[in-house]
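Please open the model in your viewer and keep a selection tool at hand.

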Amino acid sequence: MSRVVVTGGAGFLGSHLCEAYLARGAEVLCLDNFLTGTPENVAHLAPNPGFRLVRSDVTDYVHVGGPVDVVLHFASPASPIDYLNLPIETLKVGSIGTLHALGLARDKGARFVLASTSEVYGDPRVHPQPESYWGHVNPVGPRGVYDEAKRFAEAVALAYRNTHGVDTAIARIFNTFGPRMRPNDGRAIPTFIRQALRGEPVTVAGDGSQTRSVCFVDDLVGGVLALADSGEAGPVNLGNPHELSVLDLARWIVELCGSTSEVVFVERPVDDPTVRRPDTTLAHERLGWSPSVGIEDGLRRTIGWFRSHPELV
Ligand code: NAD
């Protein structure tokens, strides 16, 4: 049986990863300071004897007794609203937190997987984005705190691999959605769902022609597990190449919610990427992974989850 440490395990993606490893029969230690996540996300896992949740800030230190086979470093504010409100925390968890998580993997001889992001590509000049593209990032723009934290995290993961022989992997995760997203985290899909379910105007940034490629969480979790199981160092893009405009996404969600909400246009955030689509050839070739959940199916499942949590809407 393997033992897995998930930093940020009480967050959106982390909670699904904890669930997936427990379902495989692994022991899971979830480390989280509840900065943007909540113990409620993993409360259903508490009865499982293989699961342990420890409140800890990985920028202070990371100490784990006993053997560890895999370290999944997912701790970090991830939505633009969160990292703009928490710029120093975001930079610290991407830098100091990553060093501590790598230190743990080094001590234990564990496989290490970094949750990096498509934001390392910035507002890209190459479309779709392959892993070989270096990106177009503004380090002193408002999003620099997140983008540069993740770029540093990638660099330090590789340095630990080359210098200390740590078995590291870098996942470049593209926009992912699903149950347990927070309705007020500012990301497009939960915002549109909340607005549509409340019958309020659905707020599209700019003219809505900017594109996103969105991946259902079950697919993303499958990709992270495939990467962790492999010997690949990455970076590997994980996401769904199905690209659509933000305006089409808003209209689709209104329709699936059976809502009468109108679409209104609001100011576009600074440095908001114009296009975003993963080139997933590498993940397909090296990991045998590609997303399989259709966007409509994923949206229906996410809307269903929000409906079953009316207190959040
Ligand atoms: P989230 O905010 O739901 O989860 C992040 C978790 O990290 C939270 O539970 C938070 O409390 C915890 N955390 C933050 N700082 C911490 C610290 N110092 N010590 C311990 N715990 C800390 O966000 P998410 O969407 O689940 O994202 C998880 C990871 O995946 C992040 O690293 C993010 O950058 C990356 N990612 C997510 C997406 C996406 O679409 N969701 C896309 C690209 C990358």
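**Salt bridges**

The structure holds 20 salt bridges, a salt bridge being a side-chain nitrogen of Lys or Arg within 4 Å of a carboxyl oxygen of Asp or Glu. Before selecting any of them, please note that this is a predicted model, in which local features need pLDDT of at least 70 and side-chain atom pairs count only at pLDDT 80 or more, while totals for chains, interfaces and linings use all residues. Residues are numbered from 1 along each chain as its sequence is written, and side-chain values use heavy atoms, with hydrogens and water left out.

Select Asp229 and Arg24, whose side chains meet in a salt bridge at 2.6 Å, N to O. This pair links distant parts of the chain, 205 residues apart, with Asp229 in helix 6 (residues 217-229) and Arg24 in the loop between helix 1 and strand 2 (27-32); helices (H or I, at least four residues) and strands (E, at least two) are DSSP runs, numbered from the N terminus. Asp229 counts as exposed at 51% relative accessibility, whereas Arg24, at 44%, counts as partly exposed. Here buried means under 20% relative accessible area, exposed means over 50%, and partly exposed lies in between, with a 1.4 Å probe and protein chains only.

Next select Arg268 and Asp272, where the side chains form a salt bridge of 2.7 Å, N to O. Arg268 is partly exposed, with a relative accessible area of 30%, while Asp272 counts as buried at 11%.

Then move to helix 9 (residues 295-307), which holds both Glu296 and Arg300, four residues apart, or about one turn of the helix. Their side chains meet in a salt bridge of 2.7 Å, N to O, and both partners are partly exposed, Glu296 at 31% relative accessible area and Arg300 at 46%. To finish with the charged pairs, select Arg111, Arg161 and Asp167 together, as these residues are linked in a network of salt bridges.

**Around the ligand**

Which of the 30 residues around the ligand come nearest? They are Leu13, Asp32, Thr36, Tyr146 and Lys150. By class, the shell around the ligand has 14 nonpolar, 12 polar and four charged residues, where Ala, Val, Leu, Ile, Met, Phe, Trp, Tyr, Cys and Pro count as nonpolar, Asp, Glu, Lys and Arg as charged, and the others, Gly among them, as polar.

At Phe74, a polar backbone atom lies 3.1 Å from an oxygen atom of the ligand. The protein covers 97% of the 810 Å² of accessible area that the ligand has on its own, areas being computed by the Shrake-Rupley method with a 1.4 Å probe. Helix 1 (12-23), strand 5 (111-117) and helix 4 (144-164) are the elements that give two or more residues to the shell, and strand 5 gives the largest share, three residues.

**A last stop in strand 9**

Finally, select Ser213, which is placed in strand 9 (residues 211-213). Is Ser213 buried or exposed? Ser213 is buried, with a relative accessible area of 0%. The side chain of Ser213 reaches the backbone oxygen of Arg276 at 2.7 Å.

Conventions:
Near = heavy atom within 4 Å. Polar contact = N/O pair within 3.5 Å; in protein donor to acceptor, adjacent residues only side chain to side chain.
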